[in-house]
Amino acid sequence: MARIVKKAVSKKTPAKKAAKKTAPKTKNVEPKKEAEPIMLQPPRGMKDILPDEQGYWDQVRRVTERLSRDYGFSRIDTPLVEFSNLFNRAVGEGTDIVDKEMYAFATKGGDKVALRPEMTAGIARAYIQHGMSILSKPIKLFSTGPVYRYDRPQEGRYREFYQVNYDAFGEQDPILDAQMIQVAARVVQNLGIKAVQIQVNSIGCPICRKEYKDLLVNYLESKSNKLCQDCKRRLDTNPLRVLDCKEDKCLQVAAAAPQSVDHLCDECRLHFKNLLEYLDELDLPYTINPRLVRGLDYYTKTVFEIWSGSEEGRKNALGGGGRYDGLVKMLGGEPTSAIGFGLGVERLIIEMKRVQAKPYRAPKPKVFLAQLGDLAKKKSLKLFSELEKNGILVAESFGRGSLKSQLRVANKLGVEMTLILGQKEALDKTVIIKNMASGEQETVSVDKLVDLVKKKLKTDNVVTYHDNNHNNG
Ligand code: HAM
């Protein structure tokens, strides 16, 4: 049957018709989208580290790298992004880090990946992948870089933060546990944070922990009406975490809970006992904290945290770690004992500022290079790099034309001497050295300049990494 389509009768007035004739055709043109305003700030929980702050960061880098070398660690860098299931398995489903805080997403190619919420899983993955088990043990690895957790930001808790990690593979002797704790304490103390607390506990191995866990769950279930909502959920997913909940009512329940150290198997008990003896031997004061369980599933036996010694700084741990003897095997490698810890750089810096610990101050130039005239300006660029290559720190203000204004800058910087390269000196291949304190001037040949300046400067202003091999070590 033929469909009858009723033609709509146009209701357009003559004026509307005329307007349509003159209006540009817009049929296939997309409506213009309003450009989204650029937010002049990074995403929540992330921040810039400005030049003014870098002295603290430099100090953390210097101290942590120095100690990593002194204690025989080699540096390793792994990607910021790994396949998500690495963290799901290693850190554990049921942990806050994996369930709530991981930046997990699918790539354009469909891979399920995540920004690393911690570094140990990636380091263990690299250890297995690159067959490091054949190296002589323990294999000590040092790593540092950003870490991402979608947590609620507050002081000392960010969504992008930096960690320094020390890990050692292939040694089960508790002497290594003690040495690791010693390294953690040394880092903090070398940063000028003298009063710290070392919290230690043993959460046993999978065998004794299972028995302990059953006991704990029984106890917690009998008190479940006194637990916060999160801990009621944790009863099923991660009952040990109930012990370190910060809610008042959960703290009360935790205070009377059975303690893991009372339920260790013989091997775990001996391991813990030996560790404490080594710590005594090192004169490292520690507190046994039965509620210290850590928020990552891979730990076995020893767990520890470094806390600030002050009430104020104690809210957030400066660092934490422990043994993870089962992780390498769980990820597909040979059974391998391992232990390590991570320190939060932002938290270390907050604490450094709180105790007024000194940031690193890079040496300031004591030499200023001034130039006058076109030829001198051209030559000064090369002269600057010649001095720099020889490890002499030099300041300049090439953009300024007048000698007077350049000398003003030199005075402001408080340099010891100004090298003046004018038209005449550029032609004669000489330079004037002006002593800024006495005002005395001498003209020297360019060839002799480097040696002369070095001699006049105190050695601390000559940067020694510019050795003959151009080796940045
Ligand atoms: P973690 O205790 O989760 O351990 O983190 C180590 C340190 O990172 C903490 O003690 C803290 O200083 C810092 N940190 C953690 N979360 C934040 C945050 N949201 N904002 C600022 N700083 C934070 C681990 O990550 C283990 N992978 C450590 C380890 C290495 N275990 C064995 N080897």
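A residue is called buried when its relative accessible area is under 20%, exposed when it is over 50%, and partly exposed in between (1.4 Å probe, protein chains only). Helices (H or I, at least four residues) and strands (E, at least two) are DSSP runs, numbered from the N terminus.

The model shown is predicted, so local features need pLDDT of at least 70 and side-chain atom pairs count only at pLDDT 80 or more, while totals for chains, interfaces and linings use all residues. Residues are numbered from 1 along each chain as its sequence is written, and side-chain values use heavy atoms, with hydrogens and water left out.

**View 1. Strand β14 and its cover.** Strand β14 spans residues 417-421 and is mostly covered, with five of its five residues buried. In a regular strand the side chains alternate between the two faces of the sheet. Met417, Leu419 and Leu421 point one way from β14. Thr418 and Ile420 point the other way, and these residues too are buried.

**View 2. The partners of β14.** Two strands pair if DSSP finds at least two bridges between them. β14 pairs with strand β12 (residues 367-371) in the parallel sense, over five bridges. Its pairing with strand β15 (residues 430-435) is antiparallel, over four bridges. Met417 takes part in both: Met417 is the bridge partner of Val367 and stands opposite Asn435 in β15.

**View 3. The shell around the ligand.**

**View 4. Atoms facing the ligand.** A nitrogen atom of the ligand is 2.6 Å from a side-chain N or O atom of Tyr299. An oxygen atom of the ligand lies 3.0 Å from a side-chain N or O atom of Gln163.

**View 5. Thr287 in strand β8.** Thr287 is found in strand β8 (residues 287-288). Thr287 counts as partly exposed because its relative accessibility is 35%. Gln197 is 90 residues away in sequence, yet the two C-alpha atoms are 7.3 Å apart.

Technical notes
Polar contact = N/O pair within 3.5 Å; in protein donor to acceptor, adjacent residues only side chain to side chain.
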